[in-house]
Amino acid sequence: MRFGSRRREKYALGLELALAFAYIALRHGNRVGGVVSGRLLPPRGGKAQALALAEAGLKAGIDPAPLGERLDLLGRVARKRGLLFVFSDFLEGFALPLGRLATRHDLVAVLLEDPLERDLPEGVWRFRDPRTGEVVEVDALVPRVRAAYRARAEAFRKARLEALRRAGAEVVLASTEMDLVPLILGFVERRRRWPSRSRGPSFSA
């Protein structure tokens, strides 16, 4: 999540979208809560809750816990049915806990991506894992290396999308290079009617 080669990191992308959807929900009289990098914010309404979500997101460090643990925490606190967003790159360990959430909630999985995860320009690239510090070097000067990278990346992406849909989630694709306004407006238009004065969305970033 703490990776980005374009306008923003994936984490910042998820936070921007979460706050935008939170604002829309609050404007419709909903309560909004979330799990932000392990910090729980119970559902509340009003401007103060929007500011609390923004502060939690901006101050959050790297969360060492697996995504599945955060999804299970979200499931324990979001007991009433609501519109539930999960913002993640969904690298591993999400299928079962996400499926449990989908049985009780209107679930939207926002897959956060970066162009470099799908294709590498020519060059020698070094990637560092922010959790472990491990550095991997990829020689993308060799055409067959770039082709192999694209093929593996596309297969991995396809598998994640299939797993998200099997879990019962509506999938929204968001990339670090995107203008987010069309994405947000398109989602709201597809939904046609935003839920009013209900529990409202919860967020996991």
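Trainee: Is arginine 100 buried, partly exposed or exposed?

Mentor: Buried means under 20% relative accessible area, exposed over 50%, and partly exposed in between (1.4 Å probe, protein chains only). Arginine 100 has a relative accessible area of 44%, so arginine 100 is partly exposed. This is a predicted model, in which local features need pLDDT of at least 70 and side-chain atom pairs count only at pLDDT 80 or more, while totals for chains, interfaces and linings use all residues. Residues are numbered from 1 along each chain as its sequence is written, and side-chain values use heavy atoms, with hydrogens and water left out.

Trainee: Which residue forms a salt bridge with arginine 100?

Mentor: Side chains of opposite charge can pair when their charged atoms come close. A salt bridge is a side-chain nitrogen of Lys or Arg within 4 Å of a carboxyl oxygen of Asp or Glu. Arginine 100 pairs with aspartate 72, and their closest N and O atoms are 2.9 Å apart. Arginine 100 lies in helix H4 and aspartate 72 in helix H3, so the pair ties together parts 28 residues apart in sequence. Helices are DSSP runs (H or I, at least four residues), as are strands (E, at least two), numbered from the N terminus. Aspartate 72 is partly exposed, at 29% relative accessibility.

Trainee: How many salt bridges does the structure hold?

Mentor: The structure holds 11. In one of them, glutamate 113 and arginine 157 have their closest N and O atoms 2.4 Å apart. Glutamate 113 is in strand E4 and arginine 157 in helix H5, 44 residues apart. Both glutamate 113 and arginine 157 are buried.
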